[in-house]
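Reader: I would enjoy a guided walk through this model, one question at a time. Could you take me along?

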Amino acid sequence: MSDTVLQTRVMLTTITHSFPRISRGDPIRGNDCSFSPHKQGFARRGFTLVEILLVLSIVGVLASVMLPRISFYFEPSSAILQRALEEASNMALSGTPVRLSVKSASLSTKRGVIVVEALKQKEEPDDSLSAFLGTSKLRPVVLEWQNIEMKSLPEDDGWKFDPPVIYFYSDGSCTPAKISQAGKNVSEHNADQYILTVTGYCVKVEQ
């Protein structure tokens, strides 16, 4: 056997013995199912009670700050009034005369809730029997102001008009007026003041 072959065998033996022998019971590479990441330093730590309470307290503070702004938001009365005036103007443009007035709860005060009325044909009693007998007569068309409902109308009281009635006409104009609104426990001096122009635009007067 030559020296070259002998040197090759010695090198292979040395390389083979340099690798560790892996048994079947080895927890790293063997078939043992007892491998656990805790033994290798890969343990996953859960949240502690203090961390959970801290997160819940932060969420509670944020909810207490944001919830009133979302759930208890009230639209200002001036915005509702402006939409009501625009709706009344649109109804008048369509051919139905409309007027706004204030209905007070008592005679001692001139403030109250806003009432909307439209000029419509008065409903006549049923005279079908007269028509059947041929004794019915032609009656003139009678118009009267009738209460109507609007989508946008301030529901709170304390309103006052000067003049007391605001009319809307078919050309898009309306009666200019001074409008004021005093809520509960608000004095007459601190009431909100508005100016209604002939074009139907309402402007708040800064005090």
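Author: Gladly, and please keep in mind that this is a predicted model.

Reader: Is serine 101 buried or exposed?

Author: The cut-off for buried is a relative accessible area under 20%. Serine 101 has a value of 15%, so this residue counts as buried.

Reader: Thanks! Stepping back, what pattern does the protein chain follow along the sequence?

Author: The protein chain has four helices and eight strands. Read in order, they give α-α-α-β-β-α-β-β-β-β-β-β.

Reader: Which element supplies the largest share of the largest nonpolar core?

Author: That core has 22 residues, and Leu81, Leu85, Leu100, Ile166, Phe168, Ile179 and Leu196 have the most contacts inside it. Helix H3 (77-93), S1, strand S2 (112-121), strand S4 (159-162), strand S5 (165-168), strand S6 (177-181) and strand S7 (192-196) each supply at least two of its residues. The largest share is five residues, and the element they come from is H3.

Reader: Which residues of H3 are buried?

Author: H3 has 17 residues and reaches 24 Å from its first C-alpha to its last, close to the 24 Å expected at 1.5 Å a residue. Just after this helix, glycine 95 takes a positive phi of about 110°. Within H3, the buried residues are Ile80, Leu81, Gln82, Ala84, Leu85, Ala88, Ser89 and Ala92.

Reader: What is leucine 81 in contact with, leaving aside its neighbours within four places in sequence?

Author: Leucine 81 is one of the residues with the most contacts inside the largest nonpolar core. Beyond its sequence neighbours, its partners are Ile114, Pro154, Trp159, Ile179 and Cys202.

Reader: Are cysteine 174 and cysteine 202 buried or exposed?

Author: Cysteine 174 has 3% relative accessibility, and cysteine 202 has 12%. The cut-off for buried is under 20%, so cysteine 174 counts as buried, and cysteine 202 is also buried.

Reader: Which side chains meet in a salt bridge?

Author: Side chains of opposite charge can pair when their charged atoms come close. The count here comes to one salt bridge. It has an N to O distance of 2.6 Å, and the two partners are glutamate 117 and arginine 99.

Reader: How many residues apart are glutamate 117 and arginine 99?

Author: Glutamate 117 is buried at 13% relative accessibility, and arginine 99 is buried with a relative accessible area of 18%. Glutamate 117 sits in strand S2 and arginine 99 in strand S1, so the pair links distant parts of the chain. Their separation is 18 residues.

Conventions:
Residues are numbered from 1 along each chain as its sequence is written. This is a predicted model: local features need pLDDT of at least 70, side-chain atom pairs count only at pLDDT 80 or more; totals for chains, interfaces and linings use all residues. Side-chain values use heavy atoms; hydrogens and water are left out. Buried means under 20% relative accessible area, exposed over 50%, partly exposed in between (1.4 Å probe, protein chains only). A nonpolar core is a set of buried Ala, Val, Leu, Ile, Met, Phe, Trp, Tyr and Cys residues joined through side-chain atoms within 4.5 Å. Contact means heavy atoms within 4.5 Å. The expected span of a helix is 1.5 Å times one less than its number of residues. A salt bridge is a side-chain nitrogen of Lys or Arg within 4 Å of a carboxyl oxygen of Asp or Glu.
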